[in-house]
Amino acid sequence: MPRRSLFLLVCVIALQRPAFAQDSAVVSWIRETAIPLRTVDADSGFADLAPLKSVLADVRIVGLGESSHGTSEFQRVKHRLFEFLVKEMGYTVFTMEASYSDAQPMNDYILHGKGNRSDVLSKLGYVAWDMEEFAAMVDWMRAYNRTVPEARKIRFYGVDIYRNSVGRDKVLATVRRVLPTALATTDSLFHTLAEQERRWPSWDTTVIAAARAPLDALASKLEARRRAPPAELTPAEWDEIIQLVDVMRQQAVLRHRDQYMAQNLVYVIDHEAPATKFVYWAHDDHVTTDSLSVGYFLRQRYRDGYYALGLYFNQGTYLTRLIFPPRDFDIKTVPPAAEGTLEWFLARAGLPRFFLDLRAPSGKPAVEAWLRTSRLAFSGVWASDYTQPLNDTLKVRDWYDGLLFVSESTPTHPTSNARRIAARKEGF
């Protein structure tokens with residue numbers, strides 16, 4: 001080889017050596033620090049999860065994210081983690097990215113056996129949750145609640161602003177009782193909202209926005225009636241009716257969804273006993289403590305009492321839904337993670353699945369720099385019609401308190417109800 005070429009090669013190697021050294025240090029740290037998981041499946045014992053007791057010792061709210069709603073391994077491992085948190089750490093409230101209003105039948109089902117699982121699962125408002133994997137967790141929650149005293153039973157809440165049929169029915173019944181002069185206008189307004197909701201996500205946003213003023217007026221009338229004798233509802237009943245109207249008002253704003261989901265989660269937290277511990281299940285983009293997400297607002301309010309856990313995979317397939325207008329399911333394929341991405345580093349650790357706590361300082365300058373450096377990470381949206389790149393740009397420690405990684409993703413499995421909804425071209 002000519003001397004000039006040899007000299008250039010040596011220079012290139014020298015320039016690459018610092019980056020290579022940092023990459024190696026990061027991968028070594030991940031491998032040394034990771035808590036390997038024996039399986040993603042629930043009902044498999046907790047021996048491998050035992051180290052999480054110290055990681056989450058002072059945590060009151062655990063945010064369980066996922067980079068894809070349609071990854072079977074994510075729904076299964078989150079079920080397993082929730083089972084651990086309930087049985088081993090005393091968590092009793094499950095909250096999720098689902099309708100605040102229309103998740104209430106699910107709570108009645110898992111607590112009291114009212115209704116049937118198939119119907120209440122479909123009523124959550126998101127076909128992404130109407131999957132066999134999530135149904136298995138609902139079955140577990142119902143079975144668990146049959147075996148424990150009232151104080152240890154799991155409660156189930158949605159925190160999202162969409163889908164308000166249960167809320168409209170409850171509010172209309174209350175208006176009929178305490179504000180009969182407002183019944184006709186409220187009934188007409190709610191019929192309009194119900195028709196738009198049937199079309200969601202392809203609804204008429206001008207109609208939804210126009211509902212904000214009459215909803216504000218209804219809320220004011222209810223608040224005034226609450227303060228006037230006689231007391232026709234208990235304080236808790238009044239709180240809930242006003243909250244149901246507030247969620248409808250949030251929907252009519254057509255923006256600030258994460259802020260409102262956080263507000264609704266805080267409402268749930270404030271109405272449970274002070275020592276209650278919560279799980280919040282949503283997409284990674286909602287659990288992160290960055291970018292005005294739900295997790296951001298939780299961090300501002302609860303500080304280290306909130307733990308944001310992001311879930312990622314290296315490669316595989318996942319389920320999505322063709323939307324705008326609603327159509328059938330779609331399976332997307334993701335190749336192995338590109339060099340330098342978050343998943344690329346996680347995959348190089350060579351572990352099929354693991355939990356990585358980020359709160360403890362690494363003591364390694366190269367790792368600390370890596371945790372604070374912007375990099376790409378996959379973000380699979382549920383609606384597969386979207387054409388923008390499926391990536392987030394994030395600084396790991398700014399986004400999360402911990403990561404959970406699985407090497408392979410496979411699609412979730414729609415229930416028979418979900419397949420019927422998709423075939424009718426309904427839902428989201």
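**Close-up views of a predicted model**

View 1. The model is predicted, so local features need pLDDT of at least 70 and side-chain atom pairs count only at pLDDT 80 or more, whereas totals for chains, interfaces and linings use all residues. Residues are numbered from 1 along each chain as its sequence is written, and side-chain values use heavy atoms, with hydrogens and water left out. Helices (H or I, at least four residues) and strands (E, at least two) are DSSP runs numbered from the N terminus. Because 10 of its 14 residues are buried, α6 is largely enclosed by the rest of the structure; buried denotes under 20% relative accessible area, exposed over 50%, and partly exposed in between (1.4 Å probe, protein chains only). The buried residues are E133, F134, A135, M137, V138, W140, M141, R142, Y144 and N145. They pack against α3 (72–89), β3 (93–99), α4 (104–112), α5 (117–122), β4 (155–160) and β5 (278–281).

View 2. F94 is found in strand β3 and is buried, with a relative accessible area of 0%. Leaving aside neighbours within four places in sequence, F94 is in contact (heavy atoms within 4.5 Å) with F82, F134, M137, M141, I154, R155, F156, Y157, V279 and W281. The largest nonpolar core has 141 residues, and those with the most contacts inside it are I30, F94, L124, F134, M141, F156 and L222. Such a core is a set of buried Ala, Val, Leu, Ile, Met, Phe, Trp, Tyr and Cys residues joined through side-chain atoms within 4.5 Å.

**View 3. Helix α4.** Seven of the nine residues of α4 are buried, so this helix is largely enclosed by the rest of the structure. Q104, P105, M106, N107, Y109, I110 and L111 are the buried residues, and they pack against α5, α6, β4, α7 (165–178) and α11 (235–253). Just after α4, G113 takes a positive phi of about 75°.

**View 4. N264 in helix α12.** N264 belongs to helix α12 (residues 257–270) and is buried, with a relative accessible area of 0%. Not counting residues up to four places away in sequence, N264 touches Y100, V159, D160, I161, Q243, V247 and Q250.

**View 5. The largest cavity.** The structure holds one cavity of 30 Å³ or more, and the volume of the largest cavity is about 60 Å³. On a 1 Å grid over the protein atoms alone, a cavity is a set of points where a 1.4 Å probe fits but cannot get out, and a pocket is an open set with protein on both sides within 12 Å along at least five of seven lines; lining residues have an atom within 4 Å of a point. Grid points are joined across faces, edges and corners, and a volume is the space filled by probe spheres set on the points. The cavity is lined by L52, L56, V62, L64, L81, F84, L85, Y307, L309 and F355. At least two lining residues each come from β2 (61–64), α3 and β6 (306–321). The lining divides into 10 nonpolar, no polar and no charged residues; Ala, Val, Leu, Ile, Met, Phe, Trp, Tyr, Cys and Pro count as nonpolar, Asp, Glu, Lys and Arg as charged, and the others, Gly among them, as polar.

**View 6. The largest pocket.** About 490 Å³ of space lies in the largest pocket. Its lining has 24 residues, of which R257, V381, W382, Y386 and F428 lie nearest the centre.
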